[in-house]
Amino acid sequence: MASAKVTNLPTANQDSFWQDRRVAYFSMEIAVAPEIPTYSGGLGVLAGDTLRSAADTGLPLVAVTLLHRRGYFRQHLSPDGVQTEQDAPWEPEKLLEPLSPAEAITIQGRPVMVRAWRKDIVGVDGHVVPVIFLDTDLAPNDPWDRTLTDHLYGGDTFYRLCQETVLGLGGMRILNALGCAPDVYHMNEGHAALLTLALLEEQVGDRELAQATEEDREQVCERCVFTTHTPVPAGHDRFSLDQAQHILGAERTSALQRFGCCPEGMLNMTYVALRFSRYVNGVAMQHGRVSQEMFPNSTIHAITNGVHAATWLQPAMQRLLDERVPEWRRDNLYLRFAIGIAPEEIHARHMEGKRKLIATVAERTGLKLQEDCFTLCFARRAATYKRADLLFTDRGRLARIAEEFGGLQIVYAGKAHPHDEAGKAMIRSVFDAAAALNSSLLRIVYLENYEWELGAILTAGADLWLNTPRLPYEASGTSGMKAAMNGVPSLSTLDGWWIEGWIEGATGWAITEGETEADEANSLYEKLEREILPLYYRDPRRWAEIMRMSLAINGSFFNTHRMLYQYVTNAYFPGAGRSLPRREVELQMSR
Ligand SMILES: *Cc1c(COP(=O)(O)O)cnc(C)c1O
């Protein structure tokens with residue numbers, strides 16, 4: 001069986017816009033807009049925020065993802081907290097622009113046609129970052145192949161490997177057909193790693209893939225950058241060699257084997273990406289170190305994640321910043337100047353966000369929360385390592401805390417992956433605790449269907465952002481960054497980004513690591529009773545100063561503008577400053 005090779009054939013679609021794209025960013029999920037449900041959580045939101053910052057800062061970048069016609073899923077929760085899921089179909093025809101090339105790739109030895117759709121992300125000055133959505137729902141394709149771009153993280157490993165083949169090989173063919181020849185290919189997580197196979201085929205040209213040399217591999221490496229997002233081995237995509245041979249063919253599979261991509265007899269997408277990239281990074285300093293230990297044969301750097309400020313700052317805070325530091329939109333580092341704004345003003349803007357949260361809870365559940373009552377939020381994917389139920393380890397103690405301080409409100413949200421029974425059980429246990437504890441002084445509510453817009457309301461309206469991941473499972477976490485930017489401090493275990501963002505009593509508080517889960521719960525309660533609630537209820541001025549510190553210190557750093565500068569200077573174009581064209585003028589030295 002001959003495998004179709006990717007070549008650089010010029011086509012009618014070639015134009016200078018596409019030729020000018022210097023970086024191609026590949027991601028299985030991208031949160032492009034709230035009405036486009038092609039993301040599941042942190043990874044997709046990060047990808048979207050990265051592209052929004054690329055648009056704001058004028059980076060010539062093109063992004064590639066899958067169309068996911070049926071979206072991720074809509075979450076329904078029964079009164080007992082039993083999660084059921086529903087497809088989230090959307091209409092690409094209404095929201096995207098069709099692109100003309102359709103290209104064939106080979107999956108399971110048969111041709112699968114891939115076409116593309118386009119959506120532009122437009123930056124503050126009008127710079128455009130196009131996002132290409134790949135689609136296999138085309139009439140000539142066999143009915144099963146037509147479903148390959150339907151469900152994000154749906155189906156089994158066979159379906160997943162087919163999807164990753166569409167993303168990597170299909171994405172490369174479409175870019176070529178458009179006339180894109182970027183200098184750099186950035187793989188956002190291992191799902192996109194098969195793009196390196198297309199580069200390798202391009203590199204070997206007319207030779208057989210079996211004759212690819214170490215030098216060919218190095219040539220591919222020169223063009224690739226890889227970001228890993230998962231701190232535990234089980235989180236990395238792996239496929240049996242049987243499946244790989246079946247889907248990719250024997251020739252490609254044996255090439256991947258030969259280049260060390262199949263440890264323990266499995267095709268491992270992280271290894272594919274590692275073996276074919278010249279720069280690899282984790283997404284926070286600690287995650288870089290953990291990844292380095294996991295992959296001792298590669299050099300792993302770290303670039304800490306961020307969030308896009310103009311996407312996540314609530315409107316009232318944006319207006320305040322527009323008055324005081326209008327440059328923040330073009331360059332998020334200016335948020336540092338929020339330190340020059342009176343704490344009372346920040347507090348007043350926060351109250352607008354909090355009222356919006358209270359209104360949202362009332363609208364969705366009928367429950368009326370109080371404006372002057374301390375409100376803690378926990379919203380994230382319901383994965384067991386995040387321990388949504390740690391707060392309920394000692395229910396009696398939580399109830400006493402609420403009584404002692406005269407009120408405590410807790411808002412939850414989060415989806416469990418449809419196959420994650422343990423995650424679903426955790427949601428039920430939060431419902432169970434809420435039912436047992438709810439009183440006039442302690443109100444606990446779980447909101448359905450956590451997604452972009454709800455995330456924005458929660459991160460802006462909470463008084464405290466709670467995060468309780470088991471160490472070291474949280475690669476970075478970004479919701480706490482959204483909160484910080486809105487002046488909301490965090491209480492969290494010291495994992496992921498919080499190791500870097502945490503200044504005790506200034507930007508938030510740490511839950512200290514304990515021998516047991518109960519120890520960590522104890523630390524959580526102690527911070528609430530001894531530090532956080534006394535400060536909130538008895539020293540509002542000092543509380544407002546903490547809000548201001550969160551915004552000025554953490555908001556100005558944990559944003560995707562800073563993150564992207566780091567990708568550009570460390571990963572995409574290292575030493576770019578040195579390669580600026582020389583100026584043929586003699587500079588006069590001033591004495
Ligand atoms: C920001 C965001 C996430 C990621 O936040 P974590 O801190 O990693 O949990 C997930 N889902 C949504 C909807 C978000 O907005």
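User: How do strands E9 and E12 pair?
Analyst: In this predicted model, E9 (residues 224-227) and E12 (residues 279-282) run in the parallel sense, with three bridges between them.

User: And which residue is the bridge partner of Phe226 in E12?
Analyst: That's Val280.

User: What sheet do those two belong to, and in what order do the strands come?
Analyst: An open sheet of nine strands, ordered E5-E6-E7-E2-E1-E8-E9-E12-E13, with mixed pairing.

User: Which strands sit at the edges?
Analyst: Strand E5 (97-107) and strand E13 (301-302); each of them pairs on one side only.

User: Switching to E18: which strand is joined to it, and in which sense, parallel or antiparallel?
Analyst: Strand E17 (residues 464-467) is joined to E18 by three bridges, and the two run parallel. Opposite Ser490 in E18 you'll find Trp465.

User: Are the faces of E18 covered or uncovered?
Analyst: Both are covered. Ser490 and Ser492 are buried on one side of the strand (residues 490-493), and Leu491 and Thr493 are buried on the other.

User: OK, ligand next. How many residues surround it, and which are closest?
Analyst: 13 residues surround the ligand, and the closest are Gly42, Arg380, Thr478, Ser479 and Lys482.

User: Which helices each supply at least two of the shell residues?
Analyst: Helix H2 (42-56) and helix H17 (479-485).

User: How much of the ligand does the protein bury?
Analyst: 94% of the 380 Å² that the ligand exposes when taken alone.

User: Last one, Thr311. Where is it, and why does it count as buried?
Analyst: Thr311 is in helix H11 (residues 309-312). It counts as buried because its relative accessibility is 17%, and the cut-off for buried is under 20%.

User: Which side chains does the Thr311 side chain make polar contacts with?
Analyst: There's one with the side chain of His308 at 2.6 Å, and another with the side chain of Arg52 at 3.2 Å.

User: And what does Thr311 touch, leaving out residues up to four places away in sequence?
Analyst: Asp49, Arg52 and Trp452.

Notes. Residues numbered from 1 in each chain as written. Predicted model: local features only at pLDDT ≥ 70, side-chain atom pairs only at ≥ 80, totals over all residues. Heavy atoms only, no water. Helix = DSSP H or I, 4+ residues; strand = E, 2+ residues; numbered from the N terminus. Buried < 20%, exposed > 50% of the residue type's maximum accessible area, 1.4 Å probe, protein only. Polar contact = N/O pair within 3.5 Å; in protein donor to acceptor, adjacent residues only side chain to side chain. Contact = heavy atoms within 4.5 Å. Near = heavy atom within 4 Å. Areas by Shrake-Rupley, 256 points an atom, 1.4 Å probe, with all protein chains shown as cover. Pairing = 2+ DSSP bridges.
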